[in-house]
Amino acid sequence: MPDATKFLSHLELGETDQTFLDSNELIINMGPQHPATHGVLRVILKLDGEKVLGTECVIGYLHRGVEKIAEHRTYTMFNPYVDRMDYVAAVSNGLGYCEAVEKLMNVEAPPRANYIRVILTELNRLASHMLWLGTHALDIGAITPLFYTFRDREEILKIFEKYCGARLTTHAFRIGGCLYETYDGFEQDVTRFLKFVAPKIDEYEELLTTNRIWVERTKKVGYITADDCKALGVTGPVLRASGVQWDLRKAQPYAAYKEFDFDIPTGTNGDTYDRYLVRMQEMRQSLRIIDQAVGKIPEGPIMAKVPKVIKPAVGEIYHSIEAPKGELGYFIVSDGSTQPYRVRVRPPSFVNLQALDQMVRGQLVADVVAVIGTLDIVLGEVDR
Amino acid sequence: MLDYINSYLSDTVHVTPGEAGNFFWALVYIIAIFAGLSVAVIAMNWLERKILAHMQIRLGPMRVGPHGLLQPVADAIKLLLKEDILPSEADPLVFWLAPLIVVWTAFTVFIVVPFGPTHAVTDMNIGVLFMLGVSSLSVLGVVTAGWASNSHYPLIGALRSSAQMVSYEIAMGLAVISAVLMSSLNAEGTGTLSMIGLVQAQEAQQTWFIFKFFPLGLIAFFVFAVAMVAETNRAPFDLPEAESELTAGFHTEYSGFRWSLFFLAEYSAMIAVSSIAVTLWLGGWLRPFPHALTGETWDLVFSLFPGITFMFLAAITFYSVARMPKHPYFRVQTIGLAGFGAVLALIGLALFAPPVRDRIQDVYWFVVKVAGFMYLYIWYRGTFPRYRFDQLMKVGWKVLLPIGLGVLILTAVSGIVF
Amino acid sequence: MADETKAPAPPPSGEPKDSQGKPNPPSVEPVPAKKPGDPAAPANPGAPGSVATGSAPAHHEAAPAKPVGPAATEWHSEMVSRLTRQYGSGIREASTYLGQNYMVVDSSLIPELLRLLRDQEQFDYCVDITALHYPEKEKAFEVIWILYSFAKNERIRVKTEIVDGQVVPSSFSIWPTANWLEREVYDMFGIRFDGHPDLKRILLPDGWKGHPLRKDYGIIQQDNEWVQINLGIESGQ
């Protein structure tokens, strides 16, 4: 069993009045405004020269009190709020919430809605990973992949816009299914997009995977073992890159994932390079899922029979999905009224960020930026 | 003085103005180099932004002047008009001095750079050594810049920059010695450190040193090419000035005109080390195949290249003019671009004239080769991620240095054996 | 601002069939086995739904205004029998609702039971730690651990009820992931965890007074003093 004392992430911030040339240890602040940290994240580093002795993350700059707001909105009204947490993968957030409420109401979305949900969620996973790739590469110094991935992500956002009118915070799903029917030409657009993007993913790999400098910057950087991942509650590609083949889409399938054939890519070393490879493979697997789904969307209604006023019975539910960043869970407590009694969001980025200290100890300062990038955190989700 | 000009124009002069003691003509050359460098830096700025943008599937500056051609002018004006901030804790004299040192060293090296057999300000018999030595002095400017700012991040950045530059100079030096050794493979057995002498040695040995003792010349060239990128703090070795790293560069505290001096010095240094590379390995001002393809017709063909280049650039410009949108908003830009194209075409036509085209050959080939290096610099910046500092030092000391030594020894051995 | 939350919520129409548009008909008891207290109490100022439900039964006493779901059934498993044999009445309740297993345990069992769950029952992944506030109940807070076992692919919830001010032993030494999760519970609810290495606020600034997710903290309430001192906003808003 892991020794918990090695996970202490707080620092003794005592000796700050000595000049930095006197003592060997230096406390440096990577302030909330910084080009590298994805959002407003403050990391206080304790350094010995270039080596990191410990870190402390100060978060909460983007805290908006979403959980408190949820107690004062009806279930339907709260749906758009959910997109704004992990704003990069808004569709996944919506999927998790809608499915959680549906479970609480003991209804099931019809098959057609499930297929549409799967297609949009996998497109969203692709978009999220593309953004991750661009920003991660930018932090490490490769300035070009950012523009390529954003260009290709535009195509996905165009599909979202045609479907529900919004590119980023989509509010695509409703409790009980989908509100919007797929537009005319949806399948053609998606199929054309799949053909368009497959060689692009190969292009990104060509730029980075065997690039000597990329390999040196990412191999053996930000190392974490599988046991530490499980003990720290880290999920998602980080866990898979450490060797644990676990994906909620296969372990506890939801929304039509049972019907698709896809692999779970895993890594062996648990370092940044493996996480990069795992996410690239996940992009390809997403393409595979979409390819299978788009051909055979079943006919039928897109919305289950759900009352206009959503009033689940008294009770609680915890439902989690495999968001692009990890296990995104919703714990909803209902008191029988139209407004939830408590909505707790279990954000993957929040829990993954705890692992930063563990991953960065003993490495150099330039690696801190790489590790924050590889954890793929979105501060909207960390702070809610 | 007039004698010199006459003798120059009648092609009977065989030495550079500095060697001939002709102060006035040397001054003309200095001013010409200064002007040429300034134009080159401005052009580099525009080219870098446009080429990098096109590599990143975007357009780059398009609005300031047609296709952003006036962007560097706008940048220069902005920098000149910016507030000159002097940090309160900074040492004012040293703060003022640091950019000057860097610019001075970057410009001084050009007095030995040969654009032709007599087209240099002067030709010292220790030309290459002089260039390497003076460009090393820029490290002093970097350190003083970091120190004078009196704040941790620039100081750490400056120390890193200077460590990087010093480490890679060793590798550069070893590669240079290999080339100098190759220049000694003539009948007298004497090599030369003089820049003009090195090109003449390549001419005499009828091979560019990059192809000499294949692959040794190539490896030496490669070592120098990598070291020169690190020397000038450019990607992928630009950790000290990267934005997303913790320690910002040594020029953090500088703003406005002072910052533009650093930037000017960086580009000049890039051109300077590229000139060394071109002179030592790529045959300097020699046209391709001066001995293999000889004769009147070949001479004529190669002498048409400068004119053709400018006509080609003019053609591209006119094509862009044709593609400009027809909206009245773009009228001024279209006219400007057409005017620019006309100027390029006129220069091209002028370069076809026989008296000009015989004399412009050397300068043209030299500039083309250096321009190729500039493109490589921009290409590296768009493609490679950044090296971490310890990896950067490792490459300098543990990879390039042994390879440089190896090439040196093998070159010496090959020189004796062959 | 509080009015906005009231306006769009239509009052329940008191038609029991519509509000129960579910595939399964409700089971026998109209009241589910687990009732989290009566939220229609005035201690919940921002829930107009409850106020409205209060008015509905005036017309229909027989039909419950609250929708009825499936009842929570007892959770039978070897693990539960092992635990009840070991702890007896400490395990107050072990039920299944909508397919999800949970158990309510006495707060004295807490670090020991959780450690046992990790070591012997292989629940090596602590998914979440959170809390609920029921101000009308005597034991006002409920702390919930959601645990998952990779080996068994099983997820359970362990709940315990505590009074306001009671200190809960920290699970940091069992699952290091509890570090930030417990800090957030402390930040939002004010529940202190004994044995936590660094229990301080995580999402709200350090000097903040008040714990927002408690039911007696208003939706637009802020720590005006902190805002005035640190942000220089006089009104505090």
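Domain bounds in this report come from an automatic or database domain assignment. For chain A that assignment gives domain 1 (2-58) and domain 2 (66-383), and the centres of the two domains, taken over C-alpha atoms, are separated by 30 Å.

The structure is a predicted model, in which local features need pLDDT of at least 70, side-chain atom pairs count only at pLDDT 80 or more, and totals for chains, interfaces and linings use all residues. Residues are numbered from 1 along each chain as its sequence is written, while chains are lettered from A and ligands numbered from 1 in the order in which they are written.

**Chains**

Helices (H or I, at least four residues) and strands (E, at least two) are DSSP runs numbered from the N terminus. Chain A holds 15 helices and 8 strands. Its radius of gyration is 21 Å, close to the 21 Å that the globule rule gives for 384 residues, so chain A is as compact as a globular protein of that length. Here the radius of gyration is taken over C-alpha atoms, and the globule rule is 2.2 Å times the number of residues to the power 0.38. The C-alpha trace of chain A spans about 70 × 50 × 40 Å along its principal axes.

Chain B contains 16 helices and 0 strands. With a radius of gyration of 23 Å, close to the 22 Å that the globule rule gives for 418 residues, chain B is as compact as a globular protein of that length. Along the principal axes, its C-alpha atoms fill a box of roughly 60 × 60 × 45 Å.

Two residues are in contact if their C-beta atoms, placed from the backbone, lie within 7 Å. Between the domains of chain A, 18 residues of domain 1 are in contact with 24 residues of domain 2. On the domain 1 side, strand S2 (42-48) and strand S3 (51-58) of chain A each supply at least two residues, and the largest share, 5 residues, comes from S3(A). By class, this side has 10 nonpolar, 6 polar and 2 charged residues. Ala, Val, Leu, Ile, Met, Phe, Trp, Tyr, Cys and Pro count as nonpolar, Asp, Glu, Lys and Arg as charged, and the others, Gly among them, as polar.

Between the chains, 24 residues of chain A are in contact with 23 residues of chain B. The elements that give two or more residues to the chain A side are strand S1 (25-30), helix H4 (111-140), helix H5 (144-164), helix H7 (212-218) and helix H14 (365-375) of chain A. That side comprises 18 nonpolar, 2 polar and 4 charged residues.

**Helix packing**

Two packed helices are described by the angle between their axes and the distance between the axes. Axes are lines fitted to C-alpha atoms, for helices over the stretch in contact, and angles run from 0 to 180 degrees between N-to-C directions.

| Helix pair | Axis separation | Angle |
|---|---|---|
| H4(A) and H5(A) | within 8 Å | roughly 160° |
| H3(B) (23-55) and H15(B) (354-383) | within 10 Å | roughly 45° |
| H6(B) (127-136) and H8(B) (152-183) | 11 Å | about 175° |

Angles under 35 degrees count as roughly parallel, over 145 as roughly antiparallel, 65 to 115 as roughly perpendicular and the rest as oblique. H4(A) is thus roughly antiparallel to H5(A), H3(B) is oblique to H15(B), and H6(B) and H8(B) are roughly antiparallel to each other.

A crossing is left-handed if the near helix is turned anticlockwise from the far one by less than a right angle, and right-handed if clockwise. H4(A) and H5(A) cross in a left-handed manner. Residues of H4(A) including Leu123(A), Met130(A) and Leu138(A) meet residues of H5(A) including Pro145(A), Phe150(A) and Ile159(A). The residues of this contact divide into 14 nonpolar, 3 polar and 2 charged.

The crossing of H3(B) and H15(B) is right-handed. Met44(B), Leu47(B), Glu48(B), Ile51(B), Leu52(B) and Met55(B) in H3(B) meet Met374(B), Ile378(B), Arg381(B) and Gly382(B) in H15(B). This contact has 7 nonpolar, 1 polar and 2 charged residues.

For H6(B) and H8(B), the contact is made by Val128(B), Leu132(B) and Ser136(B) of H6(B) with Glu169(B), Met172(B), Gly173(B), Val176(B) and Val180(B) of H8(B). Its residues divide into 5 nonpolar, 2 polar and 1 charged.
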